[in-house]
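Please read the following briefing alongside the sequence and the coordinates. It takes up single residues and then the protein as a whole.

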Amino acid sequence: MKCLLQHHGGYLALPQRVVGRVLELEHLVQDEDVRKRHKALDHLPRACELSLAELDVRPLVSAATLAAFRPRIDERAAERR
């Protein structure tokens with residue numbers, strides 16, 4: 001999300017729909033820890049089940065944005081191995 005926000009310049013400029021290759025799905029249940037980690041989801045009710053998709057952002061953002069997030073992207077890729 002941070003990558004897309006930087007590329008587009010803010011929430012209001014984000015596209016309504018993003019299509020990309022899913023790299024990983026994380027299934028969560030809304031609680032205080034999830035609310036702290038994912039502030040954009042704090043409006044969801046407690047105990048709500050949700051899934052977060054990590055997408056391959058390479059075709060979705062500029063080279064400059066990709067370079068800014070390269071360390072975290074590489075770290076996430078290593079975690080998936």
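Ala-47 is exposed, with a relative accessible area of 52%, where exposed means over 50%, buried means under 20% and partly exposed lies in between, using a 1.4 Å probe and protein chains only. This is a predicted model, in which local features need pLDDT of at least 70 and side-chain atom pairs count only at pLDDT 80 or more, while totals for chains, interfaces and linings use all residues. Residues are numbered from 1 along each chain as its sequence is written, and side-chain values use heavy atoms, with hydrogens and water left out.

**Ala-47 and its backbone**
- Ala-47 belongs to the loop between α2 (32–37) and β2 (49–55), where helices (H or I, at least four residues) and strands (E, at least two) are DSSP runs numbered from the N terminus.
- Although Ala-47 is not a glycine, its phi is positive, at about 75°.
- Most residues other than glycine have a negative phi.

**Thr-65 and its surroundings**
- Thr-65 is found in helix α3, which covers residues 63–80, and Thr-65 is buried, with a relative accessible area of 5%.
- The side chains of Thr-65 and Ser-62 are joined by a polar contact of 3.1 Å, the term standing for a pair of N or O atoms within 3.5 Å of which, within protein, one must be able to donate a hydrogen and the other to accept it, with residues adjacent in sequence counting only if both atoms are side-chain atoms.
- Leaving aside residues up to four places away in sequence, Thr-65 touches Cys-3, Gln-6 and His-7, contact meaning heavy atoms within 4.5 Å.

**Cysteines**
- Cys-3, one of the residues that Thr-65 touches, is buried at a relative accessible area of 7%, whereas Cys-48 is partly exposed at 21%.
- The count of disulfides comes to 0, a disulfide being a pair of cysteine sulfur atoms within 2.5 Å.

**The protein as a whole**
- The secondary structure comprises 3 helices and 2 strands, and from the N terminus on the elements run α-β-α-β-α.
- Taken along the principal axes, the C-alpha atoms fill a box of roughly 40 × 35 × 20 Å.
- Of the 81 residues in the protein, 23% are buried.
- Among contacts between residues at least 6 apart in sequence, 50% join residues at least 24 apart.
- The protein exposes about 6,200 Å², of which carbon and sulfur atoms supply 55%, with areas calculated by the Shrake-Rupley method and a 1.4 Å probe.
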